[in-house]
Amino acid sequence: AQRLLRFQLEEVSRERRLRRNRRPLRLFLIRHAESVMNVSPELIGGRTNSAKLTAKGCSQAKALGERLKGVAFDSIFSSTAARARETAETACAAMGCDPSAVMPVEDVLEICQGEWTGKPRAVVYNESYFEKLEVEQCFLKPPGISEVDPLADGSLPHGESQWDVEQRMALFIDGLLEDSSRGAETVAIFTHGIAIKCFLRRILGAGPVFAVHCDCPNTSITELRYKTEDHNLDGWIVVRVSDAAHLEGL
């Protein structure tokens, strides 16, 4: 908690300093639709990038696209995980825009659970795990690597803490804010539950257990705006969090 407090004070100062050289942004952070790993909650999913959508997930993605009709996106990004790309491409088709416009990036992948990936939760989440979690909280890092989730360069990713994911997400989104000469844009990122919640923790200055106490349903929409005036009313503005009203009746 003390480490986060020190960081948050530094981050507030950094963001305010950089704001004048940034551009306004309307940002949609969208969780992928239901995947085959979501229907196996007894297993630790982590990235499991090969996991595809279920039939229900495909219906959810179409409903999401119908919900987003009328939003003119300047850029659409997706994590490289199959479930995120399928969600993005299906939603784009339902919106009436070209699915090939989706740009896959590794920067917004889900948290890597290292050697815990695919293991039973009942085995990993034992008494020793919870003792470590009490102490390390969002800095707890799973051991080892995920052998089933190679990156584009062929390397195998190491386990990540929520803090690692927060830093990775923030670095990518900071890049979207650069170059004020480009003007305001509307951007969608099709990503993952923990990744979204970690970034939210950062901009809200929330506590170290925020991510585990924030729900983020499949295909939910978290909408943010970034405003660039140099006063306390601007910076990141939260418009809505985990909005999944389009799933009612499915």
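This section describes the overall fold of the protein chain and then the surroundings of selected residues.

The model is predicted. The secondary structure of the protein chain amounts to 7 helices and 6 strands. Read from the N terminus, these elements follow the order α-β-α-β-α-β-α-α-α-β-α-β-β. The chain has a radius of gyration of 18 Å, close to the 18 Å given by the globule rule for 250 residues, so the chain is as compact as a globular protein of that length. The C-alpha trace spans about 50 × 45 × 40 Å along its principal axes.

Of the 250 residues, 50% count as buried. The accessible surface of the chain comes to about 12000 Å², and carbon and sulfur atoms account for 52% of that surface. Among contacts between residues at least 6 apart in sequence, 76% join residues at least 24 apart.

Thr87 is placed in helix H3, which comprises residues 82-95. The relative accessibility of Thr87 is 0%, and the residue therefore counts as buried, the limit for this class being under 20%. A polar atom of the Thr87 side chain lies 3.0 Å from the backbone nitrogen of Ala33.

Helix H7 covers residues 193-204 and contains Leu204. Leu204 has a relative accessibility of 47% and so counts as partly exposed, a class that lies between the 20% and 50% limits. Together with Val238 and Val241, Leu204 forms a nonpolar patch on the surface. The accessible area of these three residues together is about 230 Å².

Ala211 lies in the loop between H7 and strand S5, the latter formed by 221-227. In contrast to the partly exposed Leu204, Ala211 is buried, with a relative accessible area of 6%. Apart from neighbours within four places in sequence, Ala211 is in contact with Gln162 and Lys197. Ala211 and Gly144 are separated by 67 residues in sequence, and their C-alpha atoms are 22 Å apart in space.

Positive phi values were examined for two further residues. Gln137 is a residue other than glycine with a positive phi, near 50°. Gln137 is located in the loop that runs between helix H5 (127-136) and helix H6 (162-177). With a relative accessible area of 25%, Gln137 is partly exposed. Ser242, likewise a residue other than glycine, has a positive phi near 55°. Ser242 is found in strand S6, which consists of residues 235-243. The relative accessible area of Ser242 is 18%, and the residue is therefore buried, given that buried means under 20%.

How values were computed. Residues numbered from 1 in each chain as written. Predicted model: local features only at pLDDT ≥ 70, side-chain atom pairs only at ≥ 80, totals over all residues. Heavy atoms only, no water. Patch = residues over 30% accessible without salt bridge, like charges linked within 9 Å, V, L, I, M, F, W, Y side chains within 5 Å. Areas by Shrake-Rupley, 256 points an atom, 1.4 Å probe, with all protein chains shown as cover. Salt bridge = Lys/Arg side-chain N within 4 Å of Asp/Glu carboxyl O. Helix = DSSP H or I, 4+ residues; strand = E, 2+ residues; numbered from the N terminus. Buried < 20%, exposed > 50% of the residue type's maximum accessible area, 1.4 Å probe, protein only. Polar contact = N/O pair within 3.5 Å; in protein donor to acceptor, adjacent residues only side chain to side chain. Rg over C-alpha atoms; globule rule 2.2 N^0.38 Å. Contact = heavy atoms within 4.5 Å.
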